[in-house]
Amino acid sequence: MALTPSKINMFTFMKLPSAWWCGVRLKYIDDKKAMTTVKLKWMNQNPFKSMFWAVQGMAAELSTGALVMNEIQKSGKKVSMLVANNKASFTKKATGRINFTCDDGELIADAIQKTVDTGKGQTCWMKAVGVNQDGVEVSTFHFEWTVKVKG
């Protein structure tokens, strides 16, 4: 059964409640791309009336992690996933609605295929770019995902 935004959003409610309560939601996913969204509100702001960096990080990570989960499910294998590293840069104050998009589905598909074929762990850097309602980039996150077939 394919992953859908509603299934992932239910997952965040059950397993990642801080992301859920801060308003992080998956809006779109296919084999190549995932998009999350989060809106500035009292619950997720910093003292400067912009979005707290960690809330942006949760939304960015979910856009990459949903693609990882999708590829693991498609593989039919039990594969562990873990963020080993991350980097972020912030270029504009995050206010209003911020959308994070990751277009690295093919990269993680290759990494998962390699771990399934070889049994050895693989790493994959994935990028999520956050833009505001005007299409202006506010932040960019890079996550190094590690994947390995279990057992």
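Biologist: At what angle do H3 and helix H4 pack, and how far apart are their axes?

Modeller: In this predicted model, H3 and helix H4, which covers residues 105–118, pack at an angle of about 40°, and their axes are 9 Å apart.

Biologist: What do you call that arrangement of H3 and H4, then?

Modeller: Angles under 35 degrees would count as roughly parallel and those from 65 to 115 as roughly perpendicular, so H3 and H4, at about 40°, are oblique to each other. The crossing of these two helices is right-handed.

Biologist: And which residues make the contact?

Modeller: On the H3 side they are Leu-67, Val-68, Glu-71, Ile-72 and Ser-75, while H4 brings in Gly-105, Ile-108, Ala-109, Ile-112 and Val-116. Sorted by kind, the residues of this contact are seven nonpolar, two polar and one charged.

Biologist: Staying with H3, is Gln-56 buried or exposed?

Modeller: Gln-56, which is found in helix H3, residues 53–75, has a relative accessibility of 3%, and because buried means under 20%, Gln-56 counts as buried.

Biologist: What does the side chain of Gln-56 have beside one of its polar atoms?

Modeller: A polar atom of that Gln-56 side chain lies 3.3 Å from the backbone oxygen of Met-51. Leaving aside residues up to four places away in sequence, Gln-56 touches several residues, including Met-51, Phe-90, Phe-100 and Phe-141.

Biologist: Let's change topic to the loop; where is Asn-44?

Modeller: Asn-44 is found in the loop between strand S2, residues 34–39, and H3. With a relative accessible area of 1%, Asn-44 is buried, and a polar atom of its side chain lies 2.9 Å from the backbone oxygen of Lys-39.

Biologist: How far is Asn-44 from Cys-22, going by C-alpha atoms?

Modeller: Their C-alpha atoms are separated by 5.6 Å, although the two residues are 22 residues apart along the chain. Cys-22 is also one of the residues that Asn-44 touches, and among the others are Val-38, Ser-50, Met-51 and Phe-52.

Biologist: Last one: what about Lys-49, is that residue buried or exposed?

Modeller: Lys-49 also has its place in the loop between S2 and H3, but at 61% relative accessibility Lys-49 counts as exposed, because exposed means over 50%.

Biologist: And what is the phi of Lys-49?

Modeller: The phi of Lys-49 is near 60°, which is a positive value in a residue other than glycine. For background, most residues other than glycine have a negative phi.

Notes
Residues numbered from 1 in each chain as written. Predicted model: local features only at pLDDT ≥ 70, side-chain atom pairs only at ≥ 80, totals over all residues. Heavy atoms only, no water. Helix = DSSP H or I, 4+ residues; strand = E, 2+ residues; numbered from the N terminus. Buried < 20%, exposed > 50% of the residue type's maximum accessible area, 1.4 Å probe, protein only. Polar contact = N/O pair within 3.5 Å; in protein donor to acceptor, adjacent residues only side chain to side chain. Contact = heavy atoms within 4.5 Å. Axes fitted to C-alpha atoms, helices over the stretch in contact; angles between N-to-C directions. Parallel < 35°, antiparallel > 145°, perpendicular 65-115°, else oblique. Left-handed = near helix turned anticlockwise from the far one by under 90°. Nonpolar A, V, L, I, M, F, W, Y, C, P; charged D, E, K, R; others polar.
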